[in-house]
Every structure is written in structure tokens, then in C-alpha cells.
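User: I am new to this structure. Please show me how to read it.

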Amino acid sequence: MTTGTEDSRRKRNRCLLCIAAGIIAQTIIIVLFVVFVLRVKTPKVRLDSVAVDSLATNSSSSSPSFKVEINAVVAVKNNNFGHYKFESSKATFSYKGTDVGEGTIAKEKAKAKKTKRINVVVSLSSNKVSSHSELSSDLRSGNLTLTAYAKLDGKVHLLNVLKKKKSADMNCTINLDTKAKMVRVLTCK
């Protein structure tokens, strides 16, 4: 036969055991939340598509030139649980390391776990590279290779309390078919 003090001791021990198990469970939940939800990842910036609006070329060896109007779609993929606000930036297009044009990426916000697409219209001109030795042969072959670079600076806002600065880089290569007036290959790193 058990006495009243032994029953109360067992109940007290069970109660303490339940409290300890609750504290351990809450600690595990908080650690998992911090590790998986509050971890801030760098957003990804890529050229989603590039359309050639107009294209004019001169492939003569004495004065090779090109003038291209493109409509590019820049995609900002945000894999975070908070939104990513970024400042206005420039997308620079170059031929063999020489800038041939730039477009403006407007100040925007990419929502949590979403991809924000931004249209950028760019005029490209070979004014600065017409003396380049390979330009004439590239235009005659119908294959013009351009690179596009942009850097977005912004902040990831988690739970409207935490703000973490993140910069995202875009580095893409565009192969234009000057004869068909279209983009053949678009690759981004």
C-alpha cells in the first residue's frame, strides 16, 4: 500500500518530466526554425530571355559596325522566406570586354519564394569597338557574342524585423545570329 507522500512525489516527478520534455521540444523547434527559416540566401539574377527588336550591321572590313535594340527580361529569383528589396542598377552589355550599351534595372521588390521579372530595353552600338580586329569577321559569320553583367544591392527582410544585406550578380553570354536577327544561345553563370 502506498502512502499519500509517495503518490504526490510520483505526480510531482511526472509533472517535472513533462515540463522538461516540453522545454526540450521547444528548444528543438526554435533551433530548426533558426537554421532553416532564418538562414538568408543570396538571390539569383539571370537574363530570362532576350528579344531582338531591331538590328543593323555593316560587315565591311574598313568600318564594321552594328546597332541593336534588344528587349531583355531580367529574372530575380528569391529563395528566402522574406522579401528582397533591391536598389536601381545598371545592366552593362559588352563585346570582347568593351561596353556597347547599358540598361536600367528599376528598383523593385522580389517577394518571398518568388521570381520577379523586369523588362529592360537596351540600345547597343559598336561606336567604341569599330576598330576591333575581330568585329568584321564576327559580323560576316553572322555570330555576334555579347556579355551582360549586373550587380543588384539590396536587403532581405525576414519577418519584417530582421534585415540582411545581400548582393546578387548577373553574368550572362548572348550569341546573336545577325543574319536571322535573333538570339541563338543565352547562358548565365
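User: What should I know about the model?
Analyst: The model is predicted: local features need pLDDT of at least 70, side-chain atom pairs count only at pLDDT 80 or more, and totals for chains, interfaces and linings use all residues. Residues are numbered from 1 along each chain as its sequence is written, and side-chain values use heavy atoms, leaving out hydrogens and water.

User: How do I read a sheet?
Analyst: Strands of a sheet pair through backbone hydrogen bonds, either parallel or antiparallel. Two strands pair if DSSP finds at least two bridges between them. Here three strands form an open sheet, ordered 1-2-7, with antiparallel pairing. Strand 1 (44-58) and strand 7 (115-125) are at the edges, each with a single partner strand, so one side of each lacks a neighbour in the sheet.

User: How many bridges join strand 2 and strand 7?
Analyst: Eleven bridges join strand 7 to strand 2 (residues 65-77). V74 stands opposite I118 in strand 7.

User: Which strands form a hairpin?
Analyst: Strand 4 and strand 5 do, with two residues between them. K96 in the turn has a positive phi of about 50°. Seven bridges join strand 4 (residues 89-95) to strand 5 (residues 98-105), and the two run antiparallel. F93 stands opposite G101 in strand 5.

Conventions
Helices (H or I, at least four residues) and strands (E, at least two) are DSSP runs, numbered from the N terminus.
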